[in-house]
Amino acid sequence: MKDILARLKYGPNSYEIIKEGNYVICAISGKKIPLNELSYWNVDLQEAYFSAKEAQIRHEQLNKS
């Protein structure tokens, strides 16, 4: 299958596919994330993260004192 960028709406426990595709881009690293491997995202920011590491980086960025 050809790589096609998907557009998603992220919810608390799942996501809705707005535009069909097979991957999204990590908001932190810029890496491609195949939809079947997508596990981390932020509902409020509507961002996907490649792994827990990138999700933690964003969390720390948002919670700086």
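**View 1. The largest nonpolar core of this predicted model.** Nine residues make up this core. They are Ala6, Leu8, Tyr10, Val24, Cys26, Ile33, Leu35, Leu38 and Ala48.

**View 2. Ile33 and its contacts.** Ile33 belongs to the largest nonpolar core. Leaving aside residues up to four places away in sequence, Ile33 touches Asn22, Tyr23, Val24, Ile25, Cys26, Leu38, Ala48, Tyr49 and Phe50. Core members Val24, Cys26, Leu38 and Ala48 are among these contacts.

**View 3. Asn22, a buried loop residue.** Asn22 sits in the loop between β2 (15-19) and β3 (23-25). Its relative accessibility is 18%. Buried means under 20%, so Asn22 counts as buried. The Asn22 side chain reaches the backbone oxygen of Lys2 at 3.2 Å. Asn22 is also touched by Ile33.

**View 4. The two faces of strand β1.** Strand β1 covers residues 7-10. Leu8 and Tyr10 form its covered face. Arg7 and Lys9 form the uncovered one. Leu8 and Tyr10 are also members of the largest nonpolar core.

**View 5. β1 paired with β2.** The two strands run antiparallel. Four bridges join them. Tyr10 has Tyr15 in β2 as its bridge partner. A hairpin of four residues links β1 to β2.

**View 6. Gln61 in helix α1.** Helix α1 spans residues 52-62 and includes Gln61. Gln61 has 38% relative accessibility. Gln61 and Leu45 are 16 residues apart in sequence. In space, their C-alpha atoms are 13 Å apart.

How values were computed
Residues numbered from 1 in each chain as written. Predicted model: local features only at pLDDT ≥ 70, side-chain atom pairs only at ≥ 80, totals over all residues. Heavy atoms only, no water. Buried < 20%, exposed > 50% of the residue type's maximum accessible area, 1.4 Å probe, protein only. Polar contact = N/O pair within 3.5 Å; in protein donor to acceptor, adjacent residues only side chain to side chain. Core = buried A, V, L, I, M, F, W, Y, C linked by side-chain atoms within 4.5 Å. Contact = heavy atoms within 4.5 Å. Pairing = 2+ DSSP bridges.
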